[in-house]
Amino acid sequence: MMKFVVIDGQGGRLGKLLVEALLARFPQGEIWAIGTNSIATSAMLKAGAHFGATGENPVVRAVADADAVLGPVGIIAAHAILGEVTPRMAEAVGGCRGKKYLIPMNSCGVAVAGVREMSLPAYVKEAVELLARDI
């Protein structure tokens, strides 16, 4: 069984959309919702994630054996998402063996050259399709 880790912060809107898209595309997968705050975790659990936890240590532990990690681009940048991503979180995500499928978000303080402007649902669809292609 594939382990998908979805990490999100703030209100959890992106994480909710990612969980829903993963459930639809990979019903056999195991989805771990890790929030940088409890509101984000709650939103992802309500969307159907199988497991959920909040904070720095759950991020570090969950990504260690993840097959894929999905979330905003800020999860690989210390102090991103308005300071919700700690340096330890960013290091764990960046260094984990699982491939990262990252969505560009304005609140992350990271601009990615060559990325076209799309709606959040369109980014989610593209990220999940890239994952499906890689599996």
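Modeller: Happy to! The largest nonpolar core has 25 residues, and F4, L22, L70 and L131 have the most contacts inside it. A nonpolar core here is a set of buried Ala, Val, Leu, Ile, Met, Phe, Trp, Tyr and Cys residues joined through side-chain atoms within 4.5 Å. Buried means under 20% relative accessible area, exposed over 50%, and partly exposed in between (1.4 Å probe, protein chains only). Two or more residues each come from β1 (3-8), α1 (13-25), β2 (30-35), β4 (68-72), β5 (99-103) and α6 (120-134). Helix α6 gives the most, with 7 residues. These elements are DSSP runs numbered from the N terminus: helices are H or I with at least four residues, strands E with at least two.

Please keep in mind that this is a predicted model: local features need pLDDT of at least 70, side-chain atom pairs count only at pLDDT 80 or more, and totals for chains, interfaces and linings use all residues. Residues are numbered from 1 along each chain as its sequence is written, and side-chain values use heavy atoms, with hydrogens and water left out.

Now zoom in on F4. Leaving aside neighbours within four places in sequence, F4 is in contact (heavy atoms within 4.5 Å) with L22, F26, G29, E30, I31, W32, A68, L70, L131 and I135. Apart from this core lies another, of 21 residues, including V60, V73, M89 and C108.

Salt bridges are the next stop, and the structure holds 7 of them. The term means a side-chain nitrogen of Lys or Arg within 4 Å of a carboxyl oxygen of Asp or Glu. K3 pairs with D65, with the closest N and O atoms 2.5 Å apart. Since K3 sits in strand β1 and D65 in the loop between α3 (56-63) and β4, this pair ties together parts that are 62 residues apart in sequence. K3 is buried, at 8% relative accessible area, whereas D65 is partly exposed at 43%.

D134 belongs to α6 and K99 to strand β5, so the bridge joins parts 35 residues apart in sequence. D134 is partly exposed, at 37% relative accessibility, and K99 is partly exposed at 46%.

Finally, R116 and E126 meet in a salt bridge of 2.9 Å, N to O. R116 is in the loop between β5 and α6, and E126 is in helix α6, 10 residues apart. R116 counts as exposed at 53% relative accessibility, while E126 is partly exposed at 32%.
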